[in-house]
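Hi,

Here's the structure I promised to send over. Have a look at it first, then read on for what turned up.

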Amino acid sequence: MSNIKAIRRKTTAIERLLRVALYLVLISVAAIYLLPFIVMLITSLKDVEEIRTGTLLSLPASLHFDSWSKAWSSACTGSTCDGISPFFLNSFQIVIPAVIISTVLGAINGYVISMWKFRGSDLFFAALLIGCFIPFQVILLPMARTLGWLGIANTTTGLVFVHVVYGVAFTTLFFRNFYQSVPGELVKAARLDGAGFFTIFYRIILPISTPIIVVTVIWQFTQIWNDFLFGVAFSGFDTQPVTVALNNLVNTSFGGKEYNVDMAAAIMAALPTLIVYVLAGKYFVRGLTAGAVKG
Amino acid sequence: MANLVIDNVIKRYGQTEVLKGINIAIEAGEFLILVGPSGCGKSTLMNSIAGLEEVTEGRILIDDKDVTYANPKDRDIAMVFQSYALYPNMTVEQNISFGLEMRKVPKEDRDIEVKRVAEMLQITHLLHRKPAQLSGGQRQRVAMGRALARRPQLYLFDEPLSNLDAKLRVEMRTEIKKLHQKLGTTIVYVTHDQIEAMTLADRIAVMKDGEVQQLGTPQEIYDNPANLFVAGFMGSPAMNFIPTKVVATDTGPMLELDAVQKTLLPFPNKACLESYVGKTIMLGLRPEMITEPQAHKDGQPFVITTEINVEVTEPMGADTMILTRVKENEINCRSHPAYPAKPGDNIKMMFDTSKAVAFDQETGVRLDV
């Protein structure tokens with residue numbers, strides 16, 4: 001015992017003070033970062049009268065959950081008053097197919113660009129990369145024309161199409177970079193074993209792609225779920241995603257502003273992306289750094 | 001098992017010619033080694049045989065069938081890669097049977113084949129592991145097992161041992177040789193390790209800059225190198241190259257060695273030196289041909305004893321390498337460990353030129369053939 005004590009590192013008073021300071025800084029930075037969410041949460045639990053007194057940071061005197069149920073099912077978004085729940089369904093109908101299609105296309109693109117190089121494949125990749133840098137606003141008008149021409153304007157399909165087209169540049173980049181670190185000899189070996197293009201992809205490449213699939217799905221899910229601009233520009237009345245509905249809810253008021261309902265709706269609209277991060281955040285970080293270290 | 005003919009194969013990438021007309025023919029069951037420094041085109045040639053890269057000109061025949069433009073899978077070949085390229089998501093068993101599955105071999109037959117191969121390579125206990133759970137040597141065995149399971153006509157090995165540590169490399173080398181003797185398969189094997197080349201090959205093709213410098217048995221290449229490059233590449237420690245002046249004597253031209261004292265060395269093929277009298281040629285002499293004076297060799301033709309100055313000694317156990325200097329050139333000699341030699345000493349050494357070779361100093365072309 002005495003031995004263990006003897007070799008223990010001595011901490012001086014200054015070191016301890018620095019450690020306390022470090023934690024204080026970390027806690028206060030975390031608090032600043034969390035503050036908007038905390039304000040949203042406590043505001044959503046107050047009633048309208050209490051909000052009007054202007055005590056933004058004080059805890060609610062009593063908990064009121066009726067603003068949550070109102071936001072979900074009976075608040076008015078423009079001319080309808082069904083809350084934001086119907087738009088949740090719209091968002092999922094857009095997000096799920098768009099995420100799946102753009103991820104699959106990105107995976108195949110990345111696979112081809114890194115492992116089946118063809119004449120001009122680098123140029124093709126460079127062209128795709130430019131897609132990552134095109135601002136949303138630039139493609140609004142041409143895309144509106146294209147959707148009209150394809151006959152899918154104001155439909156869920158149209159929005160899925162827009163998100164897939166815009167997302168493929170990113171997903172291809174992700175998968176291509178990941179596959180750069182996969183040895184090309186795997187594909188050669190499989191070709192000699194007699195496997196074809198899709199067999200190699202499906203049996204050998206996809207099973208080792210889990211980290212990058214997780215990254216891509218999270219990225220695409222967050223991007224598409226949070227998208228407002230495409231949603232407001234290309235959706236029809238009954239295909240609006242939840243972000244557009246949230247905006248409408250906040251902008252529609254009869255008499256006084258119901259901040260508690262607005263806050264509840266905003267939290268609900270943000271919840272799916274939050275859940276995805278909490279569940280898969282670990283894999284997200286792991287996937288981003290994958291490839292840097294060889295298994 | 002099949003023979004392999006590489007008929008004037010040329011490969012160009014844009015303007016650069018990587019293979020400049022390769023001609024190699026090997027018999028069924030032969031073990032051919034492609035050896036050369038990196039960038040010599042040996043891996044490109046290997047990929048061309050496998051069909052992973054298309055050749056620009058020329059033909060490749062396997063078992064007398066023209067496969068120049070055939071798909072890799074239709075050539076009936078198997079390849080072992082330097083990185084092993086095991087499928088990371090599959091178990092050892094699945095790795096070995098994947099090729100059979102792709103060829104639509106029924107499940108029962110695949111199981112029998114996996115069992116046979118696993119027993120042959122002693123990896124039966126590893127069948128249910130993933131590649132990540134294996135050591136380097138075990139992965140190497142699995143990679144070979146994957147190639148063996150299909151029983152192809154031709155095996156290609158692309159530097160299969162270069163990722164192993166020294167001891168394991170020697171073990172696996174012997175293993176591969178045993179396997180070849182047992183199965184009698186046709187093998188093309190790429191390496192940059194000239195010891196691997198010497199020990200394994202039936203025939204060696206020494207390559208440089210996209211050309212075959214020499215194709216022959218290991219002993220031919222060791223004793224009769226076609227040019228300066230081959231002579232310097234094969235053998236460890238490398239052949240000594242000594243620039244020597246050709247001087248005319250009563251008994252024909254001899255080579256002037258400028259060690260501690262000037263010594264005239266005889267040369268087997270005098271005729272080729274006639275036109276070089278007065279000029280300097282490159283004498284090639286293997287280290288084992290410069291030894292301590294050996295009584296039984298005394299008086300033999302082409303054996304001369306002279307004094308050298310010891311610069312460095314490197315005891316290797318079985319023998320000791322003595323480094324000396326002739327003018328600017330370092331020379332390695334192989335002596336008995338008991339022979340006393342200390343750095344700085346002038347000692348007697350025996351030069352045996354019966355197997356010496358001569359090259360043109362500028363072109364590197366062999367003179368005495």
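Let's start with chain B: of its 369 residues, 41% count as buried. Keep in mind as you read that this is a predicted model. The chain has eight helices and 21 strands, and its C-alpha trace spans about 80 × 45 × 35 Å along the principal axes. If you take the contacts in chain B between residues at least 6 apart in sequence, 67% of them join residues at least 24 apart.

You'll find it in strand β16 of chain B, which runs over residues 303-309. Is B:I308 buried or exposed? There are 25 other C-beta atoms within 10 Å of B:I308, and 20 or more is enough to count, so this residue is buried. Leaving out residues up to four places away in sequence, B:I308 touches B:A259, B:V260, B:T324, B:I347 and B:M349. Compare that with B:D209: this residue is 99 residues from B:I308 in sequence, and the two C-alpha atoms are 37 Å apart in space.

Next, a pair of helices, still in chain B. Two packed helices are described by the angle between their axes and the distance between the axes. Here the pair is α3 (residues 107-121) and α4 (residues 136-149) of chain B, whose axes come within 9 Å and cross at roughly 135 degrees. That angle is why α3(B) and α4(B) are oblique to each other. The crossing of α3(B) past α4(B) is right-handed. On the α3(B) side the contact is made by B:E113, B:V114, B:V117, B:A118 and B:L121, while α4(B) brings B:R141, B:M144, B:G145, B:L148 and B:A149. Sorted by class, that contact has seven nonpolar, one polar and two charged residues.

Now for where the two chains meet. How many residues of chain A are in contact with chain B? It's 14, and they meet 18 residues of chain B. Helix α9 of chain A (residues 185-193) gives the most to chain A's side, with seven residues. By class, the chain A side divides into eight nonpolar, two polar and four charged residues.

One last thing, on chain A itself. An unreviewed UniProt entry annotates residues 88-280 of chain A as "domain: ABC transmembrane type-1". In the model, that span is 80% helix and 0% strand, and its end C-alpha atoms lie 21 Å apart.

Happy browsing!

Technical notes. Residues are numbered from 1 along each chain as its sequence is written. Chains are lettered from A and ligands numbered from 1 in the order in which they are written. This is a predicted model: local features need pLDDT of at least 70, side-chain atom pairs count only at pLDDT 80 or more; totals for chains, interfaces and linings use all residues. Two residues are in contact if their C-beta atoms, placed from the backbone, lie within 7 Å. Helices (H or I, at least four residues) and strands (E, at least two) are DSSP runs, numbered from the N terminus. Ala, Val, Leu, Ile, Met, Phe, Trp, Tyr, Cys and Pro count as nonpolar, Asp, Glu, Lys and Arg as charged, and the others, Gly among them, as polar. Axes are lines fitted to C-alpha atoms, for helices over the stretch in contact, and angles run from 0 to 180 degrees between N-to-C directions. Angles under 35 degrees count as roughly parallel, over 145 as roughly antiparallel, 65 to 115 as roughly perpendicular and the rest as oblique. A crossing is left-handed if the near helix is turned anticlockwise from the far one by less than a right angle, and right-handed if clockwise. A residue is buried if 20 or more other C-beta atoms lie within 10 Å of its own, exposed if 12 or fewer, and partly exposed in between; C-beta atoms are placed from the backbone. UniProt positions are given in the numbering used here, feature names are shortened, and annotations may be inferred rather than shown by experiment.
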